[in-house]
Amino acid sequence: VAASLEVSESPGSVQVARGQTAVLPCTFSTSAALINLNVIWMVIPLSNANQPEQVILYQGGQMFDGAPRFHGRVGFTGTMPATNVSIFINNTQLSDTGTYQCLVNNLPDRGGRNIGVTGLTVLVPPSAPHCQIQGPQDIGSDVILLCSSEEGTPRPTYLWEKLDSSLQLPPTATQ
């Protein structure tokens with residue numbers, strides 16, 4: 001008689017700074033021996049939700065690489081086979097941001113919840129802003145003040161303030 005395999009609830013989301021190591025949790029319970037364990041980690045990238053990619057695969061007692069961009073950066077946190085099938089991603093990149101799915105099968109166990117989902121956000125500090133003024137800089141004219149950074153996750157926000165004419169800008173300010 002086959003019992004039910006059950007993937008545990010995960011924290012839902014993980015945030016890590018670019019270049020650091022992310023650990024994506026996934027554990028499960030089973031009543032069967034881990035002889036026929038099959039684990040597939042997939043990612044639905046934030047940049048292209050229509051192109052899911054395989055991250056890493058454990059099948060038949062062997063590990064297999066997923067998409068080339070993960071080669072050499074991804075592995076299981078523990079020795080396989082195990083009921084903890086969490087993975088790590090070294091040297092995280094902005095492109096690693098996405099929704100990760102851990103799909104577990106362990107015959108003869110069937111049914112239950114066999115997928116765990118964890119979001120990964122790779123945080124990137126904002127690059128130096130590029131600021132400019134659009135429009136004539138004459139008294140009484142309308143101008144548009146623009147400021148943007150090439151990089152930054154979450155997306156940087158800007159606060160504009162009018163300074164008294166007597167105040168000096170700090171030396172690090174962009175004017």
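Select Val-43 first: its bridge partner in β6 is Glu-53. Strands here are DSSP runs of E with at least two residues, numbered from the N terminus, and two strands pair if DSSP finds at least two bridges between them.

The model is predicted: local features need pLDDT of at least 70 and side-chain atom pairs count only at pLDDT 80 or more, whereas totals for chains, interfaces and linings use all residues. Residues are numbered from 1 along each chain as its sequence is written, and side-chain values use heavy atoms, with hydrogens and water left out.

Ile-56 stands opposite Asp-65 of β7. In the hairpin of these strands, with 2 residues between them, select Gly-60, which has a positive phi near 60°.

Ile-56 and Asp-65 also belong to the lining of the largest cavity, together with Val-55, Gly-66, Phe-70, His-71, Gly-72 and Val-74.

Finally, move to Asp-109, in the loop between β10 (98–106) and β11 (115–123). Asp-109 counts as buried because its relative accessibility is 5%; buried means under 20% relative accessible area, with a 1.4 Å probe and protein chains only. Its side chain makes a polar contact of 2.3 Å with the side chain of Thr-30. The side chain of Asp-109 also reaches the backbone nitrogen of Ala-32 at 3.4 Å. A polar contact is a pair of N or O atoms within 3.5 Å; within protein, one must be able to donate a hydrogen and the other to accept it, and residues adjacent in sequence count only if both atoms are side-chain atoms.

Methods. On a 1 Å grid over the protein atoms alone, a cavity is a set of points where a 1.4 Å probe fits but cannot get out, and a pocket is an open set with protein on both sides within 12 Å along at least five of seven lines; lining residues have an atom within 4 Å of a point. Helices (H or I, at least four residues) and strands (E, at least two) are DSSP runs, numbered from the N terminus. Buried means under 20% relative accessible area, exposed over 50%, partly exposed in between (1.4 Å probe, protein chains only).
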